[in-house]
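Subject: Structure for your review

Dear colleague,

Please find the structure below, followed by an account of what was found in it. Kindly keep it open while reading.

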Amino acid sequence: MRHGVRIGIDPGDARIGVARSDPTGFLATPVETVKRGRGDLQRIKDIAAEIAEESTLLEVVVGLPRSLKGGENPATEKVRAFAAQLARRLPVPVRLVDERLTTVSAESMLRDMGRKGQDRRSVVDQAAAVMILQHALDTERTSGRAPGELVDNE
């Protein structure tokens, strides 16, 4: 397992969930929900800089929404474009990982925990980012390889 903090991103149309790992790459935890729109990429860059000040920032993992059959769709294209913009702004690699049904799973988990409507909406994106990142960490731990596909920063 490579040493260093990873950031997990769940990019939605209205909000972007952000999570981070510990430096050993064992556990993902929520960071914040960033409002989508003007300044969102800068806020993620600022979060990355804050983490890099305290630890080694290894990479950013962005959830890629594929269809249930694994194909690409309009949402996939949007996320690819978002990840490319992010890769151009950050000094670390950006990777895309399959995130089918993570938001649905996060919603279900929060509902089961008793979180209600607006309260749940405010953290569901962070919970989805945690699930995306934790899956990437677990995949790397079992396979010995970095997860997903590297985004070109050109």
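Which side chain meets that of E149 in a salt bridge? The partner is R66, with N and O 3.7 Å apart. A salt bridge here is a side-chain nitrogen of Lys or Arg within 4 Å of a carboxyl oxygen of Asp or Glu. E149 lies in strand β6 (residues 149-150), while R66 lies in the loop between β4 (57-64) and α2 (74-89), so this pair ties together parts that are 83 residues apart in sequence. E149 counts as partly exposed because its relative accessibility is 30%, and R66 counts as partly exposed because its value is 23%. In these terms, buried means under 20% relative accessible area, exposed means over 50%, and partly exposed lies in between, with a 1.4 Å probe and protein chains only.

The model is predicted, and local features need pLDDT of at least 70, side-chain atom pairs count only at pLDDT 80 or more, and totals for chains, interfaces and linings use all residues. Residues are numbered from 1 along each chain as its sequence is written, and side-chain values use heavy atoms, with hydrogens and water left out.

The overall fold comes next. The protein has four helices and six strands, and along the sequence they follow the pattern β-β-β-α-β-α-β-α-α-β. Helices (H or I, at least four residues) and strands (E, at least two) are DSSP runs, numbered from the N terminus. Of the 154 residues, 44% count as buried.

The six strands form an open sheet in the order β3-β2-β1-β4-β5-β6, with mixed pairing; two strands pair if DSSP finds at least two bridges between them. At the edges stand β3 (28-35) and β6, each with a single partner strand, so one side of each is left without a neighbour in the sheet. Strands β1 and β4 pair in the parallel sense over five bridges, and I7 stands opposite V60 in β4. Helix α1 (residues 40-54) packs on the sheet, where it touches β1, β2, β3 and β4, and its direction makes about 150° with that of β3. Helix α2 also packs on the sheet, touching β1, β2, β4, β5 (94-98) and β6, and its direction makes about 165° with that of β4. For these angles, axes are lines fitted to C-alpha atoms, for helices over the stretch in contact, and angles run from 0 to 180 degrees between N-to-C directions. Contact means heavy atoms within 4.5 Å. Among contacts between residues at least 6 apart in sequence, 64% join residues at least 24 apart.

How many salt bridges does the structure hold? There are 14. One of them joins E140 and R6, whose closest N and O atoms are 3.3 Å apart. This pair links distant parts of the chain, with E140 in helix α4 (residues 117-143) and R6 in strand β1 (residues 5-11), 134 residues apart. Both E140 and R6 are buried.

Another salt bridge brings together the side chains of D125 and R15, at 2.5 Å from N to O. D125 lies in helix α4 and R15 in strand β2 (residues 15-21), so the pair ties together parts that are 110 residues apart in sequence. Is D125 buried or exposed? D125 counts as buried because its relative accessibility is 6%, whereas R15, at 30%, counts as partly exposed.

Yours sincerely
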